[in-house]
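Hi,

Here is the model I promised to pass on.

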Amino acid sequence: MAKAKFHKSQRVFVKPVGTWAYIERVLPKWIRGVDEPIKITYDCGMGREFVEEELQEEATAVQSRLSNRLGEWRLLRAQNRWKNAEQCQHHPFPGTHPVVVTSDQDWGGWRVPGAEYDLDPQRVEKQAQLIVRAPSLLKIMQLFVNQAEQQPENFSEDLSSLVDMSRAILDELPD
């Protein structure tokens with residue numbers, strides 16, 4: 001049996017058309033003798049009905065667009081090839097260095113040469129933590145800009161300048 005995921009007047013992204021629309025009507029398909037609808041379609045005022053898989057919620061659409069583009073980044077620890085743990089006791093994690101993995105496999109991404117890590121391990125550790133969080137920070141910036149575009153009257157001049165800075169950073173990124 002089918003349950004409605006979206007409701008009337010909800011803003012959704014229509015994937016086949018590639019645009020945003022509001023749901024004008026929720027259209028359940030019934031058969032006699034069954035208590036619940038067997039199928040639900042949505043009328044978005046575009047000349048045909050859409051099924052749930054063809055629509056995406058507003059917040060989900062923005063997040064998935066960014067996360068699909070960037071993927072899930074994570075921090076791994078790799079063994080130091082040139083020094084053992086006793087030789088680098090001053091490091092935050094003796095005997096290892098950070099590796100930021102930006103693919104589904106445990107390879108590909110960001111690494112720092114051992115000599116550079118040895119010069120300033122605290123700085124490199126902080127850089128690694130920042131790089132791992134970059135996709136989440138981009139999502140927050142995009143949501144912030146979207147909120148400002150939808151409700152500009154709720155943003156002061158200071159926040160509007162932050163929105164402009166965020167928009168400029170997002171515009172610099174390739175699609």
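This is a predicted model: local features need pLDDT of at least 70, side-chain atom pairs count only at pLDDT 80 or more; totals for chains, interfaces and linings use all residues.

Below is what turned up, going from the sheet to the aromatic rings and then to one threonine.

Residues are numbered from 1 along each chain as its sequence is written, and side-chain values use heavy atoms, with hydrogens and water left out.

**The sheet**

There is an open sheet of 3 strands in the order β2-β1-β6, with antiparallel pairing. Its edge strands, β2 (19-22) and β6 (55-57), each pair on one side only. From one strand to the next the twist averages 40 degrees. On terms: strands (E, at least two residues) are DSSP runs numbered from the N terminus, and two of them pair if DSSP finds at least two bridges between them.

β1 and β2 are joined in the antiparallel sense over 4 bridges. Arg 11 has Tyr 22 as its bridge partner in β2, and Val 14 has Thr 19. The hairpin of these two strands has 4 residues between them, and there Gly 18 takes a positive phi near 75 degrees. Ser 9, in the segment before β1, also has a positive phi, about 70 degrees, although it is not a glycine.

**The rings**

How many aromatic pairs does the rule give? The count comes to 3; rings of Phe, Tyr and Trp (its six-membered ring) pair if their centres lie within 6.5 Å, with planes under 30 degrees apart called stacked, over 60 edge-to-face and the rest tilted. One of them is Phe 6 with Tyr 42, edge-to-face at 5.3 Å centre to centre and 80 degrees between the planes. This pair links distant parts of the chain, 36 residues apart: Phe 6 is in the segment before β1 (11-14), and Tyr 42 is in strand β4 (residues 39-43). Phe 6 counts as buried because its relative accessibility is 3%, and Tyr 42 does so because its value is 1%. The cut-offs are under 20% relative accessible area for buried, over 50% for exposed and partly exposed in between (1.4 Å probe, protein chains only).

Phe 13 and Trp 20 form another edge-to-face pair, at 5.2 Å centre to centre and 65 degrees between the planes. Phe 13 is partly exposed at 21%, and Trp 20 is partly exposed at 29%. The charged end of Arg 11 sits over the ring of Trp 20, 4.5 Å from its centre (the rule asks for NZ of Lys or CZ of Arg within 6 Å of the ring centre and within 35 degrees of the ring normal).

**Thr 96**

Is Thr 96 buried or exposed? It lies in strand β8 (residues 96-101) and counts as buried because its relative accessibility is 13%. Leaving out residues up to four places away in sequence, Thr 96 touches Arg 77, Ala 78, Gln 79, Asn 80 and Tyr 117, where contact means heavy atoms within 4.5 Å.

Cheers

Methods. Axes are lines fitted to C-alpha atoms, for helices over the stretch in contact, and angles run from 0 to 180 degrees between N-to-C directions.
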